[in-house]
Amino acid sequence: MDGITFYLTPKWEKLLEINVWADACIQIFFSLGVTWGGMITLASYNKFENNVFRDAVIVGMGNCLTSFFAGFVIFGIIGYMAHELGVKVEDVAAQGAGLAFIAYPEAVSRMPLSPVWSILFFIMLLSLGFGTQFSTTETVVTIILDEFPHLRGKNRRWLLLGVCAFMYCCGLFMITEGGMYVLQLVDNHSATYSALILGCSEVSIMAWIYGAD
């Protein structure tokens with residue numbers, strides 16, 4: 001319960017820190033994927049008469065509710081680990097790769113039936129990774145196909161294979177001895193404030209071309 005209490009107890013003084021607002025924007029941008037092209041790419045497969053406003057409300061609410069529910073799971077585990085170690089929750093809480101690959105697995109290993117929970121945890125990570133990669137890969141492939149229409153049809157499979165091979169080669173840098181540093185460097189700089197800049201640019205350009213009304 002210590003972890004849940006820590007999760008639900010607000011610290012109002014944190015609202016005065018600009019980093020908190022920036023992190024909140026980055027989190028919602030990242031979880032929705034609105035600045036990486038995935039939403040636009042997948043939405044392009046809708047029918048012309050589709051109710052986009054309804055879909056946007058459903059996706060936005062579903063995303064926030066899912067993130068809120070996930071917070072109970074994460075901080076429940078972190079609270080359990082803090083209780084086992086005899087330390088405060090804030091001393092255990094980590095973020096990024098440290099949470100996913102160090103703190104969380106260690107806490108799961110201390111639970112009853114730990115092999116079962118460990119398997120379920122890493123299956124969850126794998127499914128989340130596949131979901132992200134599907135939308136990202138489809139976005140890149142769609143952009144290339146729109147630019148080079150002659151690659152459509154039977155050539156699409158080779159384009160898809162080439163994109164996946166390129167991404168695979170880029171990912172090899174992150175499994176070297178210094179791969180964790182590369183991962184954190186990319187995570188901290190390519191998917192943070194750049195998302196805010198891209199989002200503001202997209203909104204400004206769309207409003208300028210199509211109008212704000």
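Which residue forms a salt bridge with Lys14? The partner is Glu17, and the closest N and O atoms of the two are 3.8 Å apart; a salt bridge here is a side-chain nitrogen of Lys or Arg within 4 Å of a carboxyl oxygen of Asp or Glu. Before I go further, please keep in mind that this is a predicted model, in which local features need pLDDT of at least 70 and side-chain atom pairs count only at pLDDT 80 or more, while totals for chains, interfaces and linings use all residues. Residues are numbered from 1 along each chain as its sequence is written, and side-chain values use heavy atoms, with hydrogens and water left out.

Lys14 counts as partly exposed at 36% relative accessibility, and Glu17 is partly exposed at 36% as well, where buried means under 20% relative accessible area, exposed over 50%, and partly exposed in between, with a 1.4 Å probe and protein chains only.

A search of the whole structure finds four salt bridges, and I will describe two others besides the one I opened with. Asp55 pairs with Arg54, with the closest N and O atoms 3.3 Å apart; Asp55 is partly exposed, with a relative accessible area of 25%, and Arg54 is partly exposed at 42%. Arg156 pairs with Glu138, and there the closest N and O atoms are 3.0 Å apart. Arg156 is partly exposed, with a relative accessible area of 27%, whereas Glu138 is buried, at 18%.

Let me stay with helix H7. It has 34 residues and reaches 50 Å from its first C-alpha to its last, close to the 50 Å expected at 1.5 Å a residue, the expected span being 1.5 Å times one less than the number of residues. Its buried residues include Phe121, Thr137, Val141 and Leu145, along with Glu138.

Phe121 also belongs to the largest nonpolar core, together with Ile77, Met81, Tyr104, Ala107, Val108 and Met111; such a core is a set of buried Ala, Val, Leu, Ile, Met, Phe, Trp, Tyr and Cys residues joined through side-chain atoms within 4.5 Å. Two elements, H4 and helix H6 (97-109), each give two or more residues to this core, and H6 supplies the largest share, three residues.

Finally, the second largest pocket. A pocket is an open set of points on a 1 Å grid over the protein atoms alone, where a 1.4 Å probe fits, with protein on both sides within 12 Å along at least five of seven lines, and lining residues have an atom within 4 Å of a point. About 600 Å³ of space lies in this pocket, and 20 residues line it, of which Val34, Met39, Ile40, Val52 and Ala56 lie nearest its centre. Helices H2 (18-32), H3 (38-43), H4 (52-85) and H10 (193-210) each supply at least two lining residues, with the largest share, six residues, coming from H4.

Terms used. Grid points are joined across faces, edges and corners, and a volume is the space filled by probe spheres set on the points. Helices (H or I, at least four residues) and strands (E, at least two) are DSSP runs, numbered from the N terminus.
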